[in-house]
Amino acid sequence: MKRTIRAWNKASLMIGMLLGASLGLVFPNLSGIGLLGELFVGGLKAIAPVLVFALVANALSQHQKGQSTNMKVIIFLYLIGTFAAALVAVLASFLFPVQVTLNNTSTEIAPPDGIGQVLSNLLLKLVDNPLNAVAQANYIGILSWAIIFGLAMRGASKNSKELLKTMADVTSKIVEWIINLAPFGILGLVFKTLSDKGITSLTNYGILLGLLIATMLTVALVVNPLIAFLFMRRNPYPLVWKCLRVSGVTAFFTRSSAANIPVNMKLCRDLGLNSDTYSVSIPLGSTINMAGAAITINVLTLAAVHTLGISVDFATAFILSVVAAISACGASGIAGGSLLLIPVACSLFGISNDIAMQVVGVGFVIGVVQDSCETALNSSTDVLFTAVAEYVSNHKY
């Protein structure tokens with residue numbers, strides 16, 4: 001029965017994708033169809049902050065001595081994966097240098113002044129008002145307060161803990177209802193993408209976009225499996241493919257790591273992973289596990305460097321990878337969040353803010369595909385590394 005349900009879910013998602021693409025190309029003016037996608041993403045984004053708080057607080061409050069959450073291994077995997085992706089992006093940019101067209105266009109977007117401001121913003125988000133953090137989907141603040149509440153609840157009565165557990169279960173059930181509507185949501189998202197932008201619009205800046213996608217595919221299909229193999233000593237590709245197919249495809253269309261948190265939670269549950277671990281690691285991964293963001297920052301920054309004829313040595317490229325990895329950890333969990341950190345990397349080469357913001361503008365032009373691929377890589381890797389850490393700990397695959 002369960003196998004039949006899973007087969008139907010896969011088929012319905014594919015039907016939704018194909019139907020959305022067909023309607024978007026043939027009847028682009030049917031705006032009501034795109035509303036299905038907006039409602040789906042809106043529902044996920046609305047419930048995700050509450051879900052993260054409830055699950056993390058409940059997991060920590062129920063934690064007993066002797067239980068293992070593998071968080072040290074997972075955090076290490078997140079950091080090494082993001083840094084490795086940044087290095088791969090630098091290598092790809094040197095092997096296939098790409099230039100972009102820069103002009104005197106202006107923008108009202110205000111980027112961070114430097115890596116210091118990025119870190120400062122992260123620390124300030126930690127102490128945000130808890131209600132405001134939930135309302136504004138500030139996941140750094142949500143995580144910090146959920147951890148504090150969860151630890152404080154360890155000393156609470158059994159009835160209080162049961163109430164917190166009930167809240168987490170009820171929120172999870174609501175999320176499950178929303179995810180069951182995924183075929184309709186995917187239909188609307190695919191329709192809106194193709195009806196608004198069209199296929200021809202995706203061919204602009206094709207070389208730069210091709211380099212970004214190729215680099216992300218290399219990380220997803222070569223670098224991440226290699227990291228997984230080094231830890232598991234088993235063939236990682238069945239797990240990699242499952243994460244990409246279930247988490248990556250949904251994240252591709254939602255273009256939001258935050259909105260994909262419920263999807264990843266469900267995938268972890270289907271994989272039989274420890275809920276005490278993934279209820280913390282998945283929300284954490286949506287904020288600090290940003291391999292795709294590191295790739296975007298490095299590729300676009302080095303495209304500006306090549307365009308301006310600036311020479312780059314290995315030491316500078318290595319520092320760029322470190323800065324990109326740290327900056328990526330501060331990338332927002334919303335669509336296009338990594339682009340605003342490009343000026344931070346550009347400042348390493350003395351590139352003015354005006355030119356850096358033009359590069360950001362180029363990023364938004366190709367963002368239809370770039371940000372979708374970036375989010376798919378980021379979000380699917382959250383589940384992959386969580387599963388790898390549990391395999392290493394419990395020797396199950």
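Biologist: Which residues in α11 meet which residues in α12?
Modeller: Ile261, Asn264, Met265, Cys268 and Arg269 in α11 meet Tyr278, Ser279, Ile282, Pro283 and Ser286 in α12; contact means heavy atoms within 4.5 Å. The residues of this contact divide into 6 nonpolar, 3 polar and 1 charged. This is a predicted model, in which local features need pLDDT of at least 70 and side-chain atom pairs pLDDT 80 or more, while totals for chains, interfaces and linings use all residues. Residues are numbered from 1 along each chain as its sequence is written, and side-chain values use heavy atoms, without hydrogens and water.

Biologist: At what angle do α11 and α12 pack?
Modeller: Helix α11 (residues 261–270) and helix α12 (residues 275–288) pack at about 145°, and their axes are 10 Å apart. The crossing of α11 and α12 is right-handed.

Biologist: Why does Asn260 count as buried?
Modeller: Asn260 has 0% relative accessibility, and buried means under 20% (exposed is over 50%, partly exposed in between; 1.4 Å probe, protein chains only). Asn260 therefore counts as buried. Asn260 lies in the loop between α10 (237–254) and α11.

Biologist: What does Asn260 touch, beyond residues up to four places away in sequence?
Modeller: Asn260 touches Ser247, Thr250, Ala251, Thr254 and Ser379. With the side chain of Ser247, the side chain of Asn260 makes a polar contact at 3.2 Å; the limit for such a pair of N or O atoms is 3.5 Å, with one able to donate a hydrogen and the other to accept it.

Biologist: Where is the pLDDT below 50?
Modeller: The chain averages a pLDDT (confidence from 0 to 100) of 78, and 80% of the residues score at least 70. Over residues 104–112 the pLDDT is below 50, and this stretch has 15 contacts in the model beyond near neighbours in sequence. Where pLDDT is low, predicted coordinates should not be read in detail.

Definitions and conventions:
pLDDT = per-residue confidence, 0-100. Axes fitted to C-alpha atoms, helices over the stretch in contact; angles between N-to-C directions. Helix = DSSP H or I, 4+ residues; strand = E, 2+ residues; numbered from the N terminus. Left-handed = near helix turned anticlockwise from the far one by under 90°. Nonpolar A, V, L, I, M, F, W, Y, C, P; charged D, E, K, R; others polar.
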